Amino acid sequence: MSDSRGHSGFDVDSNKPRASQVSPAAPAAEPSGQPPGPGGPEAPFGRSDEMTALLAKYPDTAHVDALFFDLCSLVRGKRYPVQDADKLFEDGMLIPYSAWLLDATGDCSDPGGRGYSDGDPDGVVRPVAGTLAPVPWSPVPSAQVMCSLDEDLDGPVVDPRNVLRRVERQMNRAGMFPVVALELEFYLIDQAERSPDGSPLPPLNPDTKQRDKSNQVYGMTELDDYAEFLRDVESACVAQSVPAYTATSENAPGQFEINLKHTDSAVRAADHAALLANIVERVANMHGFKATFMAKPYVDMAGNGLHIHLSVLDADGNNIFDDGTPQGSPSLRWAIGGLMEAMPESMALFAPNVNAYRRYAPNNYVPVKRAWGVNNRSVAFRIPGGPGTARRLEHRVCGASANPYLALAAVLAGACWGMENKLDPGPAVTGNACEQMDPGVPWTFRAALARLEKAHILPNYLGADYLHLYSETKWAELEKFQAVISPHEYLWYL
């Protein structure tokens, strides 16, 4: 569910959860008897296993793309001819550390002296086990593998994936094991045409061949109209082991939401979200569309959200958010209390650019107040209905342009902080919680960056070192953005 409402669509049966996990209809935690895998060292990747198996199944594979996701969630990496791919899997590849600290335009602002000041040194990037997969949209047979920077999690890190690994490891050491599912909204827009002012246009409906004007949330006709695109997204998700669960027509022309099944690794949940976004963008191109996860591409239409479903298991596999009641356990409410306290300093991660703040407005199914409730979509922290074993919270604040690793890291940090300090979130809201903007939350990017610099919760989990690098990168991006004279300035002031 997103900035409007919604659920229905396709089910990828090949990615059903294990019996120890929850039912697909409720992406949270059931007891498994064993704690999930920790966010510590990952399994080594060997040429003899996954690469051998892939080539046996796809012998015509021509090259392997080694991918990683930077601070702005942009896909970067290198392409290896298949005959040279052994070196990647055996030795890793060299990439400058600054590649993880680029702004939205691809520029490095030398944050913290990382870039031209330190000579732009290389780090070693290694494939992530279990992520080697074919690339269905490639014009030639090819494969891809996700990679992560080889960094000491106890020291400074620059890879957002490692930031999340560090937070999850900290939770694991405290006997808490997150179970997570993410929901992503996006728009399909016209690939070639724009409005005279440069704003996007809805796509041509594949069925009617007319400019799409539909805003039928839950509309099944809309799913049918874009069935070929959605089917190819589904097929790519199956090929790349991305556990997509449902597709929904949302509340604007060409807007959709795709949900991911829960996983007992926060890092893998973020991997799934990053890979899904890449799949959607690439498959959209195949169908003559452009896909955008921009938080607010249209002024007068719904925004794109990133919603995070979270439950927590103890070392015995019990869901500590469940006490048999609809509102959940004290631990669940403490987690919400922590998220409330952490929200102001987390906004620069939840909404990482100027446009993302256009999404927040009263009475628009977007949270604008630090409030929680049971089965209430007007709140920032929602407790969905369902069986107690699947009791969870839904964090509804993030825009779809947020980096899923950093957004999830901030959510885990806030929840952990609340549980460790037993923070009371106050009473649940039973009516409309999004009538007025919360004055304690920064609602502009400049204010959010300033608030991040005064953070007292996030540095304990994400690391003050990384937050400083993030802040410097985004300050430079903001200053560069504001250096451009907008058309409105000429229209109003010339």
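Leu-462 touches Val-163, Arg-166, Val-167, Leu-349, Ala-409, Ala-410, Ala-413 and Leu-467, where residues up to four places away in sequence are not counted and a contact means heavy atoms within 4.5 Å. The model is predicted, with local features needing pLDDT of at least 70 and side-chain atom pairs counting only at pLDDT 80 or more, while totals for chains, interfaces and linings use all residues. Residues are numbered from 1 along each chain as its sequence is written, and side-chain values use heavy atoms, with hydrogens and water left out.

Leu-462 also belongs, with Phe-229 and Met-347, to the residues that have the most contacts inside the largest nonpolar core, a set of 134 residues. Such a core is made of buried Ala, Val, Leu, Ile, Met, Phe, Trp, Tyr and Cys residues joined through side-chain atoms within 4.5 Å, and buried means under 20% relative accessible area, for a 1.4 Å probe and protein chains only. Apart from this core lies another, of five residues, including Tyr-187, Ala-252, Tyr-298 and Ala-302.

The next element to find is strand 7, residues 177-190, of which 14 of 14 residues are buried; strands here are DSSP runs of E, at least two residues long, numbered from the N terminus. Two strands pair if DSSP finds at least two bridges between them. Strand 7 runs antiparallel to strand 11 (residues 306-313), joined to it by eight bridges, and Leu-184 has Leu-306 as its bridge partner there. Strand 9 (residues 255-260) is also antiparallel to strand 7, with five bridges, and in strand 9 Phe-256 is the partner of Phe-186. Strand 10 (residues 289-292) pairs with strand 7 in the antiparallel sense over four bridges, with Ala-291 opposite Leu-188.

Conventions: Buried means under 20% relative accessible area, exposed over 50%, partly exposed in between (1.4 Å probe, protein chains only).
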